[in-house]
Amino acid sequence: MQCFNAAPPNDLPDHVFFRTAKQSFNSRWYVALHDGLIWVKPNPQGGRPDGPWTKLGSGLPAGPELVRFAPPTRIAEISADGIHLQALSTDGVFYRGTDFTNDDLRTFSWTDKWGHPAAEGYGLRAEFPTTHGWSVSDSLKSGVGWYEDRNGTKTDIGLGAAHLYRLGPTGRSLVFNDWWLPNDWSREFCLPDRGTFTAENLSTSASTTFVVNRQGQMYTRLYDFDTSGEDDLLIYSYLVTGPSGTTRALPNEGWRRQPDITDGLITRNITIFQTGQGNAARTLRVEGVKGGKTGFFTKGIFDADWSFQETGLPVCGPLMNEPPAAPIAPEDVRMTGTLSRDPHSVGLELVDFNVVCSPARVRLSVGGTQVTVAGQPLELALHHVQGMSRDPVTMPTRETGFWRNGTPARIRGALLLPATLQDIDDPGARAAVTALFQRKKVVNFMGTATPHQVRLEEISWATTGYVPGDEKSDLFGSPFRLTADQ
């Protein structure tokens with residue numbers, strides 16, 4: 001089977017059903033590539049009057065805000081969501097276009113600026129192949145409006161969040177970038193199954209990423225720089241149980257397994273798009289074949305069942321029907337060390353630490369003996385996320401996966417303390433652990449990590465931001481310190 005490709009402009013499709021590297025859509029416009037140029041057409045599925053395909057301006061990014069690179073001569077790939085249209089030139093440069101929801105595109109503008117400071121940085125390059133896909137994502141108050149945290153509490157989008165998401169060269173990593181952050185691909189979050197999921201393709205809308213593997217397994221997750229806990233300018237807490245003003249609840253949403261499609265065959269061609277406000281306002285589409293008919297399977301992101309819509313168009317292979325893949329080991333590592341707060345100290349084991357996959361399981365020991373409850377090892381959860389660059393002024397760029405090469409990543413962590421501390425089997429161990437933690441429910445940390453070493457210190461009561469004041473170190477006590485090595 002062959003992919004549907006745009007031919008001469010007058011043969012461009014009547015409808016664009018999928019967001020691919022060559023065609024995309026938002027609520028107002030279809031957009032497609034032909035011969036390296038960008039063409040647009042009103043989107044009748046969004047309620048607009050139908051109209052012909054026309055070039056977007058000259059068909060190439062242009063204008064006074066193109067100052068970082070030479071003007072592009074040909075566009076290789078595109079992606080659209082909300083007000084944003086992103087274009088990747090054949091020279092590997094990303095161009096950001098905005099106001100793509102206006103009915104009159106004479107207000108549409110391009111820039112090749114990207115990154116710190118204040119989105120005026122030196123621009124963004126692809127740096128590695130786009131084989132497994134990339135996608136622009138736009139969350140705005142006028143669009144998706146808000147997101148709901150794990151408690152169902154609505155948090156206003158505020159000024160919005162615009163990101164680019166990409167799968168790494170092998171489909172084993174998922175990186176992203178916000179156009180106010182350093183212009184690199186150093187931010188990564190964990191793919192499903194603690195990063196052992198090998199993704200074949202992705203699509204993203206309103207901060208929600210949709211991935212598929214060659215076996216046809218599909219997952220979605222809402223994750224961006226703000227909702228994840230990575231923004232140093234916001235306040236987060238793992239103890240929030242309801243509305244809490246400006247404090248955002250963590251951990252954020254995990255990967256949600258989507259139902260398998262069992263009554264047909266599918267391709268790697270997947271699409272997610274925003275349809276209104278809140279987390280549920282996302283529609284999923286998966287290209288496929290059912291009963292010999294071509295089209296797509298579709299459903300709301302939280303719906304239980306898929307329906308099928310026939311299009312009659314050729315599908316884009318290959319079909320995702322490979323047998324189960326051989327198991328892949330996660331990048332988890334075991335480390336040992338200490339958890340201390342003068343004058344108290346206990347032994348510590350990080351069972352499965354992974355810089356980008358949270359949480360890690362923590363086990364304690366006293367006098368060299370593992371702490372147990374009802375005969376089983378006591379396990380605590382150490383949640384962690386990457387923080388911003390160590391130098392908040394210059395915000396230097398970093399290579400993709402820099403921590404794997406031994407350069408420490410700056411992280412924030414939260415060690416959650418269960419009520420079962422009072423049920424520790426050994427009286428001496430119970431006394432040592434309760435003396436260490438006293439009445440704490442969480443210990444919030446900042447520090448650095450690599451796959452071989454973790455160095456964390458409790459967030460000080462004198463430090464502004466990050467977590468609520470009553471969750472920081474005691475005013476008159478010494479801070480907690482966590483050290484561990486592989």
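Colleague: Let's start with the largest pocket. Which strand gives the most to its lining?

Modeller: That is β12, with three residues. Keep in mind that this is a predicted model.

Colleague: Which strands supply at least two residues each?

Modeller: β7 (94–98), β9 (134–139), β10 (146–148) and β12 (161–167) each do.

Colleague: And which residues lie nearest the centre of the largest pocket?

Modeller: Asp-178, Trp-180, Phe-225, Asp-226 and Asp-231. The lining has 43 residues. They divide into 21 nonpolar, 10 polar and 12 charged. The volume of the largest pocket is about 950 Å³.

Colleague: What about the second largest pocket? How much space lies in it?

Modeller: About 650 Å³. It is lined by 34 residues, and Arg-19, Thr-20, Ala-21, Lys-22 and Asn-269 are the closest to its centre. By class, its lining has 14 nonpolar, 15 polar and five charged residues.

Colleague: New topic. How many disulfides are there?

Modeller: The count comes to one. Cys-190 is joined to Cys-357, with 2.0 Å from S to S.

Colleague: Where do those two cysteines lie?

Modeller: Cys-190 is in the loop between β14 (187–189) and α1 (192–195). Cys-357 is in the loop between β26 (344–353) and β27 (360–366). So the pair ties together parts that are 167 residues apart in sequence.

Colleague: Are they buried or exposed?

Modeller: Cys-190 is buried, at 10% relative accessible area. Cys-357 is buried too, at 2%.

Colleague: Why is the disulfide called right-handed?

Modeller: Because the torsion about the S-S bond of Cys-190 and Cys-357 is about 80°.

Colleague: Now salt bridges. How many does the structure hold?

Modeller: There are 28. One of them pairs Lys-41 with Asp-50, at 2.4 Å from N to O. Lys-41 is buried, at 5% relative accessibility. Asp-50 is exposed, at 55%.

Colleague: What does Arg-341 pair with?

Modeller: Asp-474, with the closest N and O atoms 3.7 Å apart. This pair links distant parts of the chain, 133 residues apart. Arg-341 sits in strand β25 (residues 333–341). Asp-474 sits in the loop between β34 (453–458) and β35 (481–485). Arg-341 is buried at 6%, whereas Asp-474 is partly exposed at 32%.

Terms used. Residues are numbered from 1 along each chain as its sequence is written. This is a predicted model: local features need pLDDT of at least 70, side-chain atom pairs count only at pLDDT 80 or more; totals for chains, interfaces and linings use all residues. Side-chain values use heavy atoms; hydrogens and water are left out. A disulfide is a pair of cysteine sulfur atoms within 2.5 Å. Helices (H or I, at least four residues) and strands (E, at least two) are DSSP runs, numbered from the N terminus. Buried means under 20% relative accessible area, exposed over 50%, partly exposed in between (1.4 Å probe, protein chains only). On a 1 Å grid over the protein atoms alone, a cavity is a set of points where a 1.4 Å probe fits but cannot get out, and a pocket is an open set with protein on both sides within 12 Å along at least five of seven lines; lining residues have an atom within 4 Å of a point. Grid points are joined across faces, edges and corners, and a volume is the space filled by probe spheres set on the points. Ala, Val, Leu, Ile, Met, Phe, Trp, Tyr, Cys and Pro count as nonpolar, Asp, Glu, Lys and Arg as charged, and the others, Gly among them, as polar. A salt bridge is a side-chain nitrogen of Lys or Arg within 4 Å of a carboxyl oxygen of Asp or Glu.
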